[in-house]
Amino acid sequence: MISDRLFRALEMLTRLRFCRSLKFCNSNEENYLIKVQSSGSIWIQQMRLKSSLGQRPMKKIYHRVHQLDRVMDLQKKPALILQLISIIQSQKHQSLLLRDLEKQVGFVQKWNFMAVIEKYPTIFYVGGGTGSRTPPFVTLSEKAEKIANEESEVRLLMEPILVKNLRKLLMMSVDCMVTLEKIVFIRAELGLPQNFKESLIPKFPEYFSVKNVNGSDYLCLENWDSSLAVTAREEKISLEQVADESGTRKKVRISKDGNFSGPFAFKMNFPVGFRPNMSYLEQLERWQKMEFPSPYLNARRFDIADPKSRKRVVAVLHELLSLSMEKRMISAKLDAFHSELMLPSKLLLCLIKHHGMFYLTNKGSRSTVFLKEAYDGFNLIEKCPLLMFNDKFVALSGRSNVMPL
């Protein structure tokens with residue numbers, strides 16, 4: 001698919017230090033020229049064959065959002081810390097022999113984890129070794145152990161959130177069911193525990209069931225709840241709306257930042273350096289005013305060629321990212337729900353087109369899609385109990401920017 005191939009092209013380009021441009025052709029024989037400027041901005045140019053009129057190719061620039069790129073950099077060490085804590089807690093005696101670390105994470109990653117253990121004695125305690133009958137081992141420090149004891153309480157707080165989000169995900173799916181394999185694929189993004197198939201699903205038979213369809217296990221929705229068929233966008237609008245006491249309505253116009261006050265409008269956050277002209281803003285205003293079907297209505301009912309249906313797809317992507325804990329998701333995981341959510345074949349270009357709402361970064365090992373309105377700078381605005389719990393561990397490392405604003 002174009003999304004996977006073009007993302008790989010972007011990643012390849014950023015890794016080639018001496019190459020500042022790359023030609024790319026997708027399966028539909030559409031040609032693209034991708035360029036990286038010294039400022040970090042990415043040009044994506046669709047190359048069109050010259051007609052008899054000699055028209056020039058269209059050029060579009062995709063601006064980097066450096067603060068969201070920084071999010072990916074800032075999460076590298078915390079990710080290692082939390083992964084090591086999880087490995088230690090999964091051991092029988094809540095400690096891990098250092099010689100067994102390689103079996104858990106591999107030879108190359110072992111050295112990254114050894115550096116983390118050495119750098120953060122406030123989180124990890126190393127015992128045994130020279131002069132002791134016990135081989136060297138690592139366990140949690142007293143402070144970290146005290147935080148770890150709060151996990152059961154945090155999991156109880158998360159349970160209704162997880163159940164609600166799983167139900168909403170199934171309600172958005174065309175057949176109200178998703179393969180368990182795909183749920184496992186986005187387990188970490190949703191905040192589900194590793195053993196959710198045994199600990200969470202059987203606990204709520206009134207909401208979920210597991211059925212085998214054509215040799216694959218599917219998580220199925222048992223009953224429809226109309227009260228849940230409300231998007232995060234709609235909930236936010238209802239909270240922000242203030243009734244006019246006089247009963248008169250003021251004429252609202254779209255602002256220069258693309259935001260419009262209306263029941264079908266999305267929050268826009270254009271990157272620094274993007275200067276929309278009046279023609280663009282007028283077109284955006286028409287799009288913001290245009291009504292569209294709910295993401296919770298069955299996608300098979302709509303013609304994808306209809307502009308209202310295309311706007312609905314944007315709402316589906318917005319809602320899927322809103323269901324994730326950190327309001328971001330690896331692009332491949334978004335694309336994994338192509339059939340269940342009837343996503344467009346050119347998903348990457350859809351995300352790029354709506355760069356006021358979504359941001360794609362190639363920082364990290366894989367490309368990631370952000371919901372821009374969920375962030376203030378590099379800080380996530382709203383955090384669930386599990387993220388705040390994880391932040392307590394990371395705070396022991398001396399990081400002060402992990403706590404909520």
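Predicted model: local features only at pLDDT ≥ 70, side-chain atom pairs only at ≥ 80, totals over all residues.
Residues are numbered from 1 along each chain as its sequence is written, and side-chain values use heavy atoms, leaving out hydrogens and water.

**View 1. Three strands make an open antiparallel sheet in the order β8-β10-β9.** β8 and β9 are the edge strands with a single partner each, so one side of each lacks a neighbour in the sheet. From one strand to the next, the twist averages 30 degrees. Strands are DSSP runs (E, at least two residues), as are helices (H or I, at least four), numbered from the N terminus; two strands pair if DSSP finds at least two bridges between them.

**View 2. β8 (residues 177–179) meets β10 (residues 216–221) over three bridges.** Here valine 178 faces leucine 219, and threonine 179 stands opposite tyrosine 218.

Next comes the packed helix.

**View 3. Helix α7 (residues 151–172) packs on the sheet and touches β8, β9 and β10.** Contact means heavy atoms within 4.5 Å. The direction of α7 makes about 105 degrees with that of β10, using axes fitted to C-alpha atoms (for helices over the stretch in contact) and angles from 0 to 180 degrees between N-to-C directions.

**View 4. β9 (residues 208–213) pairs with β10 over six antiparallel bridges.** Two residues separate these strands in a hairpin, and asparagine 214 in the turn has a positive phi of about 55 degrees. Asparagine 212 lies opposite aspartate 217.
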